Amino acid sequence: MKHILGPRSAFDGGLFLPDRKSLLARRPIQTLHPDGPLQVPLTVRADLRTECIVDVGDTVVRGQALARALQSDAINAHAPAAGKVTAIGRVWTANDGFLPSVTIEPDGTDQRTPRHQGWDEESLITQLAEHGVMCSEPRAPLHVVMRKAIESGVTTLIVNAMETEPYLCSDLRTLVEHPSRTIDAICDLADALCVSNAILAVPFRHRRVVRRLRREVVGRHVTIEALANPYPQCHPVMLTKAVLDIEVPVGGSPLDCSVVVLPLGSVRQAADALLADEPVTDALITVAGDAIEHIGTYRVAVGTPFSDLARRLDIRAPVRQVVVGGPLTGVAMGYRDAVVTSTMNGLLYFAHREDVRPVPCIRCGWCIEDCPVGIDPQALMKLEIVDQPSSQSATDLKACIECGLCSHVCPSRLPVAESIYRARVRVHSRTGDAS
Amino acid sequence: MPIKSWLAVDAPLRSDAPHRRAGGTHRHILRTWMLAGALVGVSGAAFHGWRALLILALTVVSTFAVDLSFVLATRRASSGRLSRTFLVGLIAGLTLPVDVELYVPVVCGALSAFVGNIIFGGWLHPALVGRVLVQFIFLNHASLAVMGGAVLLPAYIFTGDATASVSTRYYDGWLDFEGEGAQAIELQSPQRALRAFAEGKIPPDGDDYFEPLLRDVLPPWPDAVLGAVPGGIGETSLTMILIVGFFLIYRGYLKWQLPASIFLAAFVTVAILPVGLADGYRWFPVFAVENGRAVGLAYCVYHLAAGQLGLVAFLIAGDMHSSPMRVQGQILFGIGIGSITIFMRLYGVVECEAYWAVLIMNTAATSIDRLTRRRTLGTQPPREQAALA
Ligand code: SF4
Ligand code: SF4
């Protein structure tokens, strides 16, 4: 019976969102070769310092290092295309604001750095660092996440391919097009982490993908876990609960329970780095939204401006909202000159912006029923103006995983999740001061 | 599209997630509830004549007038509130019988708005606050304690004159009744009949206690479900209430567990609690059998169809402001309403027992919410915490 109906949702709350993927999921990944200047960020996070090692006028080849890490947890930046360095400056990125950058004018050739094959398990982590592999959740370089995981003695690796937000399809397409490569990379990462369990979590509803992957893992030490996919099943905390039935302590991360959850995007980048000696120079992003004509999943060079993408994929109407990531947790921005970074997995161009005029709470209780961690969002919302929250409320504030579902369902259009976030920042900054 | 204009100039620089919201807004919810109330009102007008619509209009207008004056006087933001006021007025109107004097709906509406909405802030169902207050104020007003009333005959629905009525002893169904020139028929209220039975006022027929009630006093079963019985404008037509109720449930604006728990609790209560018969109290009336007929079961089912229980279950108790927020809470709330209603109907003296039951449970809504709160993921369940300590 379970085989036909699928697994039950593993947690109370959550919501099956209309996924808007029927067309996107069928379109194969296409590569958009750069045809205009690329503004490549030289670091992946503002606090990870790197040093630029090219000059204006230099000619670079694809994969050549543009910047060298200055700290052990920073990663190198590489040229996404062969061409000429025309400027060194700053560029706007969605998650980190302005970052130092290098502008490359591609010359249209596909020259690249020579490949070095071969690495052993000890050098795997160095290999990841040198190739600039980044993890999107938590937002840190993959080698840093792996080191931390090894230090805390993880026993389980969960690879997160759940993708429960509407539109996003890059994980699904990766699994459809490169199943064996993905499994190989997971095995390598699991070996490096010395974990006994390696689990790939995929949505049950993509039955053919699940069957294909099950065939692929025969004889390997990876298990395929097909899960129901109510939103936010893709969150590491909910995934740990669903796969292992372990509750991550409030405010903690899966590492506290000896579990490391890696997004499939990082595994894909790791596969490129380890199996093909390709440094990370592109991002796999689903471009969708009602303002764009050619929606689909594209492999796009890091540093491609959003405006360039919009032009190449044909804009149907003036864009009123650009969202980096999914529609529920992504970052919306109106900055014209933002560029693609390696951790992006979606870029949505919307022709209209939702008109949100909040009215007082009508006590419908929908936010409480749908909250995946079981807190009472409408009560916590008031903490934004309360000075001394009770210990229960303080715990609840910490437990919120910022999935945004409460704001999504609220019929009064209240910014519930946002208020909780602000209350949390307020309470934490105050308790931080006090201690 | 030229590249320069790809991003509209009015696009905001940043906005907060989530960027897409689910469909239903508070406006949809209120409009659907209003539509549901209006349809029930129309069914009342079908059986009781156009005067029902006049009563509804008067209640709505007076509720609206009081609330609007308050909003204007205090300059408070009224966003979303006036549609709720409309709904409150409509529900208050539905609870009134059709043959009241015209000042009663005006007072009822005004009290709902002033006492229910403004003074209590809506945490007790405002329409019911208004309704029970007029019951007190006009205590001697015969028609408010519905003893009986006229129901229009099938040929005269909507248009007939309820005063041109006949009363008859021989009556075996609204649809089959030959009016002989009359446009309406005088009937006894089933709820009143059940109360009289519980008080032992219906004389037994030999050894039969339930038979006289079912045969001579209560209207035939289809009439009670269809709504061809006297009572408040919105109370009588269980058929219409069920239709709009299921629509509300289908839209997700009412949780099915609430009406289900109300009816179930009412059934269980009436099945167990004793009725006073001439030879003493009889517990478990549901098992009564007379002349080979399961009269006890019929008696219990009549309790569910009679009076305000249907209206309360589908259109009143689910009011979001005054009911508990979680499903579990609503089940407790429903159990409370169902059992209190039956208890008061059997042994109480006040009229409108279902409305009182809702008001009583409204006061418990906050505690029920506290009782049924969810455990936060990642915290120890209280019992395990105690065990660890
Ligand atoms: S954002 Fe926080 S409070 Fe809102 S539904 Fe998600 S976890 Fe619950
Ligand atoms: S969803 Fe919105 S309106 Fe409903 S209870 Fe939560 S905060 Fe209030």
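This note goes through the domains, the contacts and some strand pairings of a predicted model.

1. Conventions. Residues are numbered from 1 along each chain as its sequence is written, chains are lettered from A and ligands numbered from 1 in the order in which they are written.

2. Domains. Chain A is divided into domain 1 (2-27 + 121-275), domain 2 (33-113 + 279-350) and domain 3 (366-431). Chain B is divided into domain 1 (2-141), domain 2 (147-168 + 180-188) and domain 3 (189-230 + 255-370). These bounds come from an automatic or database domain assignment. Taken over C-alpha atoms, the centres of domain 2 and domain 3 lie 34 Å apart in chain A and 27 Å apart in chain B.

3. Contact between the chains. Chain B contributes 45 residues to the contact and chain A contributes 71 residues, where contact means heavy atoms within 4.5 Å. The two chains bury about 5000 Å² between them, 55% of it on carbon and sulfur atoms. Buried area is the accessible area (1.4 Å probe) that two parts lose on being put together, summed over both.

4. Four salt bridges cross the interface of chain B and chain A, a salt bridge being a side-chain nitrogen of Lys or Arg within 4 Å of a carboxyl oxygen of Asp or Glu. The side chains of R375(B) and E247(A) form a salt bridge, at 2.7 Å from N to O. Between chain B and chain A, 23 residue pairs are in polar contact (both at pLDDT 80 or more). A polar contact is a pair of N or O atoms within 3.5 Å; within protein, one must be able to donate a hydrogen and the other to accept it, and residues adjacent in sequence count only if both atoms are side-chain atoms. On the side of chain B that touches chain A, the elements giving two or more residues are β1 (14-15) and α1 (26-48) of chain B. Helices (H or I, at least four residues) and strands (E, at least two) are DSSP runs, numbered from the N terminus.

5. Domains 2 and 3 of chain B. Six residues of domain 2 of chain B are in contact with eight residues of domain 3 of chain B. These domains bury about 600 Å² between them, with 64% of it on carbon and sulfur atoms. Across this interface the rules find zero salt bridges and zero residue pairs in polar contact (both at pLDDT 80 or more). On the domain 2 side, β2 (148-152) and β4 (184-188) of chain B each supply at least two residues, and β2(B) gives the most, with three residues.

6. Strands in chain A. An open sheet has three strands in the order β3-β5-β6 of chain A, with antiparallel pairing; two strands pair if DSSP finds at least two bridges between them. Its edge strands are β3 (50-52) and β6 (77-78) of chain A, each pairing on one side only. Strand β5 (residues 65-69) of chain A pairs with β6(A) over two bridges, and A65(A) stands opposite H78(A).

7. A hairpin in chain A. Strands β7 (residues 83-93) and β8 (residues 97-106) of chain A pair in the antiparallel sense over ten bridges. β7(A) and β8(A) form a hairpin with three residues between them, and T93(A) stands opposite G97(A).

Conventions: Predicted model: local features only at pLDDT ≥ 70, side-chain atom pairs only at ≥ 80, totals over all residues. Heavy atoms only, no water.
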